[in-house]
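My entries follow in the order in which I checked things.

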Number of protein chains: 2
Amino acid sequence: MAHLSPFAPVSVPAIPPLAGMTFATAAAGIKYQGRTDVLLALFAPGTTVAGVLTTTKCPSAPVEWCREHLAGGQARALLVNSGNANAFTGMKGRETVSASAAAVARTLGCTPAEVFLASTGVIGEPLDPAKFEAVLDDTAARLSDGPWVDAARAIMTTDTFPKVATRTVKIDGVPVTINGIAKGAGMIAPNMATMLSFIATDAPIAAPVLQALLAKAADASFNAITIDGDTSTSDTLLMFATGQAPVAPVTETGDRRLAAFRKALASLTLELAHSVAKDGEGLTKFVAVTVEGATSAKSAKKIAFSIANSPLVKTACAGEDANWGRVVMAVGKAGEPAERDRLSIWFGDVRVAVDGARDPDYSEEAASAAMKKPEIAIRVGLGLGRGKATVWTCDLTKEYVAINGDYRS
Amino acid sequence: MAHLSPFAPVSVPAIPPLAGMTFATAAAGIKYQGRTDVLLALFAPGTTVAGVLTTTKCPSAPVEWCREHLAGGQARALLVNSGNANAFTGMKGRETVSASAAAVARTLGCTPAEVFLASTGVIGEPLDPAKFEAVLDDTAARLSDGPWVDAARAIMTTDTFPKVATRTVKIDGVPVTINGIAKGAGMIAPNMATMLSFIATDAPIAAPVLQALLAKAADASFNAITIDGDTSTSDTLLMFATGQAPVAPVTETGDRRLAAFRKALASLTLELAHSVAKDGEGLTKFVAVTVEGATSAKSAKKIAFSIANSPLVKTACAGEDANWGRVVMAVGKAGEPAERDRLSIWFGDVRVAVDGARDPDYSEEAASAAMKKPEIAIRVGLGLGRGKATVWTCDLTKEYVAINGDYRS
């Protein structure tokens with residue numbers, strides 16, 4: 001068992017019930033013993049759904065299922081398991097997905113196309129649908145509106161703490177709720193898998209609008225974090241809108257009543273994404289990398305990821321080493337427009353390099369002090385344009401190697 | 001001091017003298033104490049030169065100098081130092097380069113444009129040209145035709161063994177020699193820098209032909225290895241042809257007399273590149289990753305690098321874990337054409353996955369045995385086309401993190 005992340009919250013925030021959604025968890029013994037590994041949720045009729053899925057060319061069977069059924073925009077149920085990703089499981093994997101969706105549909109009284117699925121855990125091991133079928137009736141009989149932390153716990157793999165977040169905002173003066181859970185750890189791999197996140201709101205939002213809102217929020221949150229640069233076969237972010245709040249339906253992306261909701265969703269997804277990065281395997285530091293002055297925001301994000309994914313930058317963070325030469329290297333290798341002689345670099349508030357050379361006022365002491373903090377901010381100014389982006393990561397430690405180098409069995 | 005690589009050769013191969021080239025090393029005290037850190041070489045009049053340089057957007061001052069002067073195709077001298085990369089040193093860095101080239105030109109009696117330069121070591125620290133000037137006269141007075149291992153030693157940073165290789169082949173029935181040295185370790189960074197390699201031959205080969213030969217050889221050797229995916233500000237491969245062998249000059253790339261030379265150069269660059277990967281920081285395994293059945297060779301190489309650079313694949317190698325799920329992940333994240341259901345994966349000779357699922361005959365024991373060898377072969381069949389590529393890397397260990405996470409000072 002890995003050590004608890006130094007960024008684990010002292011207490012779990014209270015998450016209010018969400019009208020139109022009930023859920024329960026179960027211990028199906030898919031891989032883990034003595035803990036829950038299945039989450040089943042039921043949504044009210046009329047619930048809309050949106051999703052952002054892994055961009056891998058080798059997606060898991062549940063990801064393919066979700067991609068196909070997101071087109072319908074309607075959801076009645078969600079079934080998630082940890083311990084087995086049902087990825088690279090061929091025809092058997094697709095059969096498991098179909099059988100599981102059919103079983104949930106039978107149990108809860110909806111169509112299989114309204115059932116959304118996600119799996120996280122070992123890759124390449126067949127996942128037996130009988131594991132779900134054995135617990136479905138009992139789980140369905142226990143559906144309730146909380147506690148949300150139980151849902152977050154059931155989907156954990158090598159996460160060291162459950163990840164939950166909530167926001168309440170008003171639409172037309174009526175309070176609506178957004179709740180979310182997430183799991184992460186290593187970005188992916190047989191023993192630890194993937195990033196999953198599920199968000200629900202009681203606001204009535206049409207599926208295409210929900211999709212646009214979610215995609216934008218994900219871009220600046222879940223798609224702006226990296227643990228090790230390894231993209232999962234299974235990354236799945238789904239958002240459900242039950243429509244139970246007494247508000248006139250939102251059917252246009254440009255609807256002005258969404259202003260507060262949009263902000264709250266951005267803030268909630270960012271909190272969940274940060275909690276994933278703050279639970280990276282073996283981490284000791286949470287690192288924010290900001291690139292500004294790029295020729296575009298896209299270029300800034302690419303350079304920021306080049307820095308955040310560099311093993312040499314990440315080991316420097318672990319060693320509390322104000323090693324800005326490695327930042328220069330990572331800027332250079334990104335392949336994006338950058339001019340050495342315009343480059344500036346900060347660690348925290350300490351400028352260490354300017355105009356293509358070491359800052360004349362460079363203080364090793366001040367730079368080192370910035371690296372000794374639990375949260376490290378690396379900032380790069382390119383001096384070329386107005387493009388800006390921030391991404392978040394963690395450091396690379398011996399503990400990461402130990403967690404991932406240990407033998408599977 | 002890091003442990004000696006388990007792949008360090010038991011003895012250094014004997015390298016014959018090369019007609020038209022003399023060299024000497026010196027201890028200039030640039031960073032290291034009690035060892036040589038400067039290599040000076042003199043080439044006969046008429047020597048041609050070719051080069052392959054880092055693709056980074058933030059190259060070091062010597063890389064910019066080489067890029068500018070390779071256009072001339074003529075070389076009389078080479079000055080290399082370890083301990084300071086003269087990278088991200090702004091105007092001062094360019095002044096150092098100009099001053100050093102001028103000093104070498106004065107000492108050896110050539111033009112500055114015929115002097116080639118390379119530096120490896122700390123990034124961002126000014127490099128004082130007076131360090132070279134202090135040792136130039138004495139070094140020039142000691143120029144001789146060996147031993148080559150001394151040249152290889154002078155350019156080492158965190159390398160644990162010197163890297164030399166030689167080949168002799170015939171052109172028109174006349175024996176010609178190709179000698180080379182290299183240094184590597186981490187791909188780059190302040191304390192360890194970069195990859196440098198210098199090759200010389202006494203064959204008379206026109207600069208454009210030499211450039212074509214070298215670029216092709218580099219593509220399948222130096223450009224097919226990775227330690228940590230971090231691209232240096234300073235990577236420099238230079239090849240010199242002194243033309244002293246009594247052979248009619250080669251002036252056409254298609255010259256049929258080059259057949260054996262071409263093969264020998266490919267084999268020599270591959271040996272040097274392998275020796276770099278076999279001395280990766282903290283390594284315990286040398287890993288060959290072959291991808292076949294891709295839609296093109298370029299696509300195969302991109303997927304192979306995605307596997308070779310994956311921290312999760314590399315830690316699995318360190319842990320001797322036949323973790324093919326991580327290989328699937330790395331194939332998927334490469335963004336190149338791949339179809340899960342056609343994918344096959346081998347560790348050594350053991351097929352672990354076929355047709356998008358675990359091999360029906362999968363034997364954990366056999367797969368584990370393949371991972372326990374010092375040299376691990378990972379092979380992926382995509383089943384899409386005829387594109388094929390092999391790249392080489394090493395595993396990712398706690399020792400790598402320790403070497404790179406330790407504080408600079």
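I counted 11 helices and 15 strands in chain A. Helices (H or I, at least four residues) and strands (E, at least two) are DSSP runs, numbered from the N terminus. I note that this is a predicted model, in which local features need pLDDT of at least 70, side-chain atom pairs count only at pLDDT 80 or more, and totals for chains, interfaces and linings use all residues. Residues are numbered from 1 along each chain as its sequence is written, while chains are lettered from A and ligands numbered from 1 in the order in which they are written.

Next I looked up overall dimensions. The C-alpha trace of chain A spans about 70 × 55 × 40 Å along its principal axes. Its radius of gyration is 22 Å, which agrees with the value near 22 Å for a compact globule of 409 residues; the radius is taken over C-alpha atoms, and the rule is 2.2 Å times the number of residues to the power 0.38.

I then checked burial and contacts. Of the 409 residues in chain A, 61% are buried (20 or more other C-beta atoms within 10 Å of the residue's own, with C-beta atoms placed from the backbone). Among contacts in chain A between residues at least 6 apart in sequence, 80% join residues at least 24 apart; a contact means C-beta atoms, placed from the backbone, within 7 Å.

How is chain B related to chain A? A rotation of 180° with 0.0 Å of shift along its axis superposes chain B on chain A, with an RMSD of 0.0 Å (least squares on the C-alpha atoms of residues with pLDDT of at least 70 in both). That is the relation of a two-fold axis. In chain B, the C-alpha nearest the axis belongs to Lys398(B), at 2.3 Å.

For the interface, I found 55 residues of chain B in contact with 55 residues of chain A. H9(B) supplies the largest share of the chain B side, eight residues.

Last, I traced a sheet in chain B. Four strands form an open sheet in the order S1-S2-S4-S5, with mixed pairing; strands pair if DSSP finds at least two bridges between them. S1 (21–26) and S5 (115–122) of chain B each have a single partner strand, so one side of each is left without a neighbour in the sheet. S4 (residues 77–84) of chain B pairs with S5(B) in the parallel sense over eight bridges. Asn84(B) stands opposite Val122(B) in S5(B).

Definitions and conventions. Buried ≥ 20, exposed ≤ 12 C-beta atoms within 10 Å, placed from the backbone. Contact = placed C-beta atoms within 7 Å.
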